[in-house]
Amino acid sequence: MTTANRIVITTATAARTRALGRRIARLLRAGDVLLLQGPLGAGKTTFAQGIGAGLKVEGPVRSPTFVLMTRHGPAQAAAAAALPLYHADLYRLDEPEQVEELALEEQARDGVLLVEWPERGVEVLPASHLLIVLEPVEGAGRRLTFVAVGERYRHILDALRAAGLADRA
C-alpha cells in the first residue's frame, strides 16, 4: 500500500539492495536516523553497506553486533562535506534502558545514524525517523517497506517516488 508516509520497493538481488542504499544515501543529511527492522538474513547489513558506499565512508560496513556501534568516517577522497555513518546493532540488548545508555542520537549528531534491530528500544530512539522493514522474497530478493515518521522523512519518500522506485500497487 502506498500512502504519503509509506512506500514499498522490491529488489531482486543483494547488489540491487546495495544500489538502493547508495541512492538513498544521496538524500541524507546530518542528524538523519534510519531504523532497519527485519529477521536475521533479511538484508539489513547489505542495505547498510549500500548506505555506507553512498556516503563514501572508509572501510567495509559490517554489522557491529559485538561492539554495538561503529563510526565509519568519510573516506580521504570524499568531499569535505561528506557525512560519517554511525551504524548501531541492538540485537544483543534486552532492555530499552540499555539502548538509552548508548546515547546514539547524541553520538551521531554530525552524521547519519543507522540502527539495526530498533525494536530492542524503539521507545528511546528518536521519534522522527525513517523505518525500513526488510523481508526476504523469492530467490535473493528483498521487499523494503519505508515508513516516514516526520516531515523530513516524507520528503525522502517523495524523492524515491519521483525517481520511479516505488513498486506499483
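1. Buried means under 20% relative accessible area, exposed means over 50%, and partly exposed lies in between. Keep these cut-offs at hand while reading. The model is predicted.

2. Start with helix 5, which covers residues 151–162. Arg 161 and Asp 158 both lie in helix 5. Their side chains meet in a salt bridge, at 3.2 Å from N to O. Arg 161 has a relative accessibility of 25%, so it counts as partly exposed. Asp 158 is also partly exposed, because its relative accessible area is 39%.

3. Which residue meets Arg 154 in a salt bridge? The partner is Glu 151, and the N to O distance is 3.2 Å. Arg 154 and Glu 151 both belong to helix 5 and sit three residues apart, again about one turn. Arg 154 is at 27% relative accessibility, so it is partly exposed. Glu 151 reaches 46%, so it is partly exposed too.

4. Another salt bridge joins Arg 143 to Glu 135. The closest N and O atoms here are 3.9 Å apart. A salt bridge needs that distance to be within 4 Å, so this pair qualifies. Arg 143 is partly exposed because its relative accessibility is 32%. Glu 135 is partly exposed because its relative accessibility is 32%. How many salt bridges does a search of the whole structure find? It finds four. As background, side chains of opposite charge can pair when their charged atoms come close.

5. Next, the aromatic rings. The structure holds two aromatic pairs. One of them is formed by Phe 47 and Phe 146, with 6.3 Å from centre to centre and 65° between the planes. An angle over 60 degrees counts as edge-to-face, so that is the label for this pair. The pair links distant parts of the chain. Phe 47 is in helix 2 (residues 44–55), while Phe 146 is in strand 7 (residues 142–149). The two are 99 residues apart. Are Phe 47 and Phe 146 buried or exposed? Both are buried.

6. Stay in strand 7 for a moment. Val 147 is found there. Its relative accessible area is 11%, so Val 147 is buried. Val 147 and Leu 157 are 10 residues apart in sequence. In space, their C-alpha atoms are 8.4 Å apart.

7. Now check a surface patch of negative charge. Its members are Asp 94, Glu 95, Glu 97, Glu 100, Glu 101 and Glu 123. Where is Glu 101 placed? Glu 101 belongs to helix 3, which spans residues 96–101. Glu 101 is exposed, because its relative accessible area is 66%.

8. There is a patch of positive charge as well. Arg 22, Arg 23, Arg 26 and Lys 56 gather on the surface to form it. Arg 26 sits in the loop between helix 1 (14–25) and strand 2 (33–37). Arg 26 has a relative accessible area of 62%, so it counts as exposed.

9. Phi of Lys 56 is near 60°, a positive value in a residue other than glycine. Lys 56 lies in the loop between helix 2 and strand 3 (69–72). With 52% relative accessible area, Lys 56 is above the 50% cut-off, so it is exposed.

10. Which phi value does Trp 117 have? Phi of Trp 117 is near 60°, and the residue is not glycine. Trp 117 is in the loop between strand 5 (112–116) and strand 6 (129–136). Its relative accessibility is 10%, so Trp 117 counts as buried. Lys 56 is exposed, whereas Trp 117 is buried.

11. Last, find His 72 in strand 3. His 72 is buried because its relative accessible area is 6%. Along the chain, His 72 and Ala 82 are 10 residues apart. Their C-alpha atoms are separated by 11 Å.

Notes. Residues are numbered from 1 along each chain as its sequence is written. This is a predicted model: local features need pLDDT of at least 70, side-chain atom pairs count only at pLDDT 80 or more; totals for chains, interfaces and linings use all residues. Side-chain values use heavy atoms; hydrogens and water are left out. Patches are made of residues with over 30% relative accessible area and no salt bridge: like charges are joined within 9 Å, nonpolar side chains (Val, Leu, Ile, Met, Phe, Trp, Tyr) within 5 Å. Accessible areas come from the Shrake-Rupley method with a 1.4 Å probe; for residues, only the protein chains shown count as cover. Lys and Arg count as positive and Asp and Glu as negative; His and the chain ends are not counted. The place of a charge is taken as NZ of Lys, CZ of Arg, CG of Asp or CD of Glu. Helices (H or I, at least four residues) and strands (E, at least two) are DSSP runs, numbered from the N terminus. Buried means under 20% relative accessible area, exposed over 50%, partly exposed in between (1.4 Å probe, protein chains only). Rings of Phe, Tyr and Trp (its six-membered ring) pair if their centres lie within 6.5 Å; planes under 30 degrees apart count as stacked, over 60 as edge-to-face and the rest as tilted.
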